[in-house]
Amino acid sequence: MMSDQRKKEDRDWAALLEDIVDMFAGRVDCNVDRANMAMQCQSWRDTVDSLPERIQLPWMLVPYRRSSFMPHNVMMRGLFYCFLSGRAHCMPMPANAYDARFIGSYEGGWVVLAARHNSGYVVVHCPTNHSIPFPRVVLLRGCPVSDEFVLRACAFSCSPSVAANCVVASLVTSFDCSLNHRTLVAFHRFGASAMSSGSVLEAEDIIYYRGSFYCLTMIEDMIRCTPRFSQDDPPDTLVVRKTYLHFAPIHHDEGLVVKARYLVESRGQLLMVVRFKSVTSEDTSMFAFFQMVPDGPGDGVYFVWQRLPATGGRMIFVGHGASRCFEASVYPSCKEGVYYFDDETFNQPAMVAFGFSNGRSYTCHDNGYWPGPEGEIKRSYDWRVPSSYTPPIWFLP
């Protein structure tokens, strides 16, 4: 029988040759996994410390079914699926994130929350627990709308850490009653007393691109909103210049129904990603990609959506206000295609606002990866039943 000392010698991972450790570490793309590797021994720590930090792919929040059923030891933690690791990370969350509705995110660990589903809006920096509140009032042409509104998605002009220079564009829905509502695109700077909006717009998505916010409408036109302000001006001082951009109509494939539309920046260009379902199922069936191309000379207002035949080596993570694109060649452990989560409740603001008699029900099962026209969808967490407190989101570490 092998002695205990011999077993210990055989398991001395710290004695591995430096080249072998370098090879292992080079195959670990997730920074969390690298940090865990560095904790094993000094030689492994030295190897990991010598590696450049990798740009991380988004993590997908995997909601629990009901916040009231969470075990006590996981109440203050969030479960996030990491595509680089192929597994979920369990990470600490801010105190005000418990039982909150997650809305969106920004790079560096910022998340947008609604503490009470349709109020208590705040952006929180998860690593430090630093939070910045959103205004509680939305103005339409200078007049307040209803007291309660549903924040559905938002985009940032820069990191919220630079609060004085950051402009936030939000898609908000206000209600006159449970069945009569309107959606606005509202803007504010941090510290302002109100969000301001000049028009009602049923926007599908919003993105910050080359100094302006672009709002995608349901007829696949866009409105370009360019904010203007001086850093020395009070936070309530903000002027937004709006330009309507006209696009030639697209005839989508017959037998498919548009489930959602997203805007994403890729290789310096603005893309529209269209998500489809079949007429017989509510689950996602495929995606299509369109590039914004001018239709005419000069810097005009007429464009066409030029369809791209395939993903073209892209990894696209779609989500309202938080879509991101990465090059698949940089992440050999992952594949090109579209990564998506269940955002069906984006189109159900009344459920978020009122809950109705059966409470709030955020769908969480239609998550997955679409490799392209020739491949089959691979679903993630498709067994998930509806959550009572939040839909999934992308977390951008």
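Student: Which residue in β2 stands opposite Met60?
Tutor: First, this is a predicted model: local features need pLDDT of at least 70, side-chain atom pairs count only at pLDDT 80 or more, and totals for chains, interfaces and linings use all residues. Residues are numbered from 1 along each chain as its sequence is written, and side-chain values use heavy atoms, leaving out hydrogens and water. Strand β1 (residues 59-61) is joined to strand β2 (residues 77-82) by three bridges, and they run antiparallel (strands are DSSP runs of E, at least two residues, helices are runs of H or I, at least four, and both are numbered from the N terminus; two strands pair if DSSP finds at least two bridges between them). In β2, the residue opposite Met60 is Tyr81.

Student: Which residue in the turn between β2 and β3 has a positive phi?
Tutor: β2 pairs with β3 (residues 87-92) in the antiparallel sense, over six bridges, and Cys82 stands opposite Arg87 in β3. The two strands form a hairpin with four residues between them. A positive phi of about 75° belongs to a residue in that turn, Gly86.

Student: Which element gives the largest share of the lining of the largest pocket?
Tutor: On a 1 Å grid over the protein atoms alone, a pocket is an open set of points with protein on both sides within 12 Å along at least five of seven lines, a cavity is a set where a 1.4 Å probe fits but cannot get out, and lining residues have an atom within 4 Å of a point. The largest pocket holds about 320 Å³ of space and has 13 lining residues, with Tyr81, Phe83, Tyr339, Tyr369 and Lys378 nearest its centre. Two elements give two or more residues to this lining, β25 (367-370) and β26 (378-380). The largest share, three residues, comes from β26.

Student: In β26, which residue does Tyr369 stand opposite?
Tutor: β25 and β26 pair in the antiparallel sense, over three bridges. Across that pairing, Tyr369 stands opposite Lys378.

Student: Which strands stand at the edges of the open sheet, each with a single partner strand?
Tutor: Five strands make up the open sheet, in the order β23-β22-β24-β25-β26, with mixed pairing. Two of them each have a single partner strand, so one side of each is left without a neighbour in the sheet. Those edge strands are β23 (324-327) and β26.

Student: Which element gives the most to the lining of the largest cavity?
Tutor: The count comes to three cavities of 30 Å³ or more, and the largest has a volume of about 260 Å³. Its lining has 23 residues, and Phe102, Ile103, Arg152, Phe346 and Pro391 are the closest to its centre. At least two lining residues each come from β4 (101-106), β10 (149-156) and α5 (349-354). With five residues, the one giving the most is β4.

Student: Is Ala203 buried or exposed?
Tutor: Ala203 is in strand β14 (residues 203-209). Its C-alpha atom is separated by 9.8 Å from that of Arg261, 58 residues apart along the chain. The cut-offs are under 20% relative accessible area for buried, over 50% for exposed and partly exposed in between (1.4 Å probe, protein chains only). At 5%, Ala203 is buried.

Student: Within what arc do the buried residues of α4 fall?
Tutor: Helix α4 (residues 42-49) has Trp44, Thr47 and Val48 buried. The arc is that of the directions from the helix axis to the C-beta atoms. These buried residues line one face of the helix, because seen down its axis they fall within an arc of 95°.

How values were computed. Points joined across faces, edges and corners; volume = space filled by probe spheres on them.
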